[in-house]
Amino acid sequence: MKKSIIRGSGFFVPPHIVTNQDLTEFMDTSDEWIRQRTGIHQRHWVTEDDVCGASDLGTQAARMALDKAGWHPNDLDFIIFATLSPDIMFPGGGCLLARNLELDATPALDIRQQCTGFLYGFATADSYIKSGLASKVLLVGAEVHSTGLDKTTRGRDVTVIFGDGAAALCIEAVDTDENVGLIASALHADGHFAEALKTELPASNLFKRLPDGVPIDDPRYFPVMDGPAIFKKAVRMLPKVTMEVLEKAGMELSDIDLVVPHQANKRINQAFGQFLKLPEDKIFHNIEKYGNTTAASIPLALHEAIETGRIGKSEDVVLFVGLGAGLTWGASLYKFP
């Protein structure tokens, strides 16, 4: 039976670091306020000198993942690109990334699932592999949030949360009867909460000016969030979907070696752990360094967990879980071969 195995991971963040203290220079906030509510200490943002979009960050992450997998770009059968901040309105960032990798025929699919982009993307890659449509898949999550944020006091509740970054996985089909690879996934969406986290109008993620006469400070260009509603939904649904995916896999909570949750808010992930009575050391956090990088969040955390030795040994089981705009949420279980 074909199983989806991770062969390599990679990440990239722009070098420019923005601390909580830096944010106080252009909005009414404080380091203490941000840390207490989110757990974030700093984030990485592109600068005008970078002049890059999500596909450029994703390309750097993809090259690292390909190198670790020992693959050449021409080995790829399929590219899945997850982002909410495309370089341009269309075509999709997956095509731009493929161009950057000097590919001219490899199919590329963009998905717009925001914070659950990795979860939906991994499940999609797994479906392509199990159906025989692809054997080697590149899954990339990449975001440039910073150029589309309201960097005034009006937008502080959202702006302090988000960072720029990218992460990538090389996923390969392996024929085996062992219970390894992506074991089970559970995905959900509820559009009744679509207004709780949204950006109403299109906005560029590059440093370009809008045409004359367009009100660039119109709040509809910037993301807005009903924080309490999102928090309540997350702490209810994340434990529920965790138990759902465990039941699908025929596994118990005690079988999980590490939880790699979406890094939206450290307080959400702590509440999730407390609800399930998980030891603190079983939940991986890196939001303090990067903020919420949306589609890049889970694979970036996974890459760090592997590189630091927290996960990746044979038989290790990792749970991916997250909730975001849509609202969408989900979970998946992966067992290292």
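Colleague: What counts as a cavity here?
Modeller: A set of points on a 1 Å grid over the protein atoms alone where a 1.4 Å probe fits but cannot get out.
Colleague: And how many of 30 Å³ or more does the structure hold?
Modeller: One. Volume is the space filled by probe spheres set on points joined across faces, edges and corners. Mind that this is a predicted model, with local features needing pLDDT of at least 70 and side-chain atom pairs 80 or more, while totals for chains, interfaces and linings use all residues. Numbering starts from 1 along each chain, and side-chain values use heavy atoms, without hydrogens or water.
Colleague: What volume does the largest cavity have?
Modeller: About 50 Å³.
Colleague: Which residues line it?
Modeller: Ala234, Leu238, Pro261, His262, Ala264, Ile268, Asn269, Val321, Gly322 and Leu323; lining means an atom within 4 Å of a point. Helix H7 (227-249), helix H8 (266-275) and strand E12 (317-324) each give two or more residues to that lining.
Colleague: Which element gives the largest share?
Modeller: E12, with three residues. Elements are DSSP runs, H or I of at least four residues for helices, E of at least two for strands.
Colleague: Switching topic: what order does the five-stranded open sheet have?
Modeller: E1-E7-E6-E4-E5, with mixed pairing. Strand E1 (2-12) and strand E5 (108-111) are the edges, each pairing on one side only. Pairing takes at least two DSSP bridges.
Colleague: How many bridges join E4 to E6, and do they run parallel or antiparallel?
Modeller: Five, between E4 (residues 78-82) and E6 (residues 136-143), and the two run parallel.
Colleague: Which residue in E6 is the bridge partner of Phe78?
Modeller: Val137.

Technical notes: 1 Å grid on protein atoms, 1.4 Å probe; cavity = no way out; pocket = protein on both sides within 12 Å on 5 of 7 lines; lining within 4 Å.
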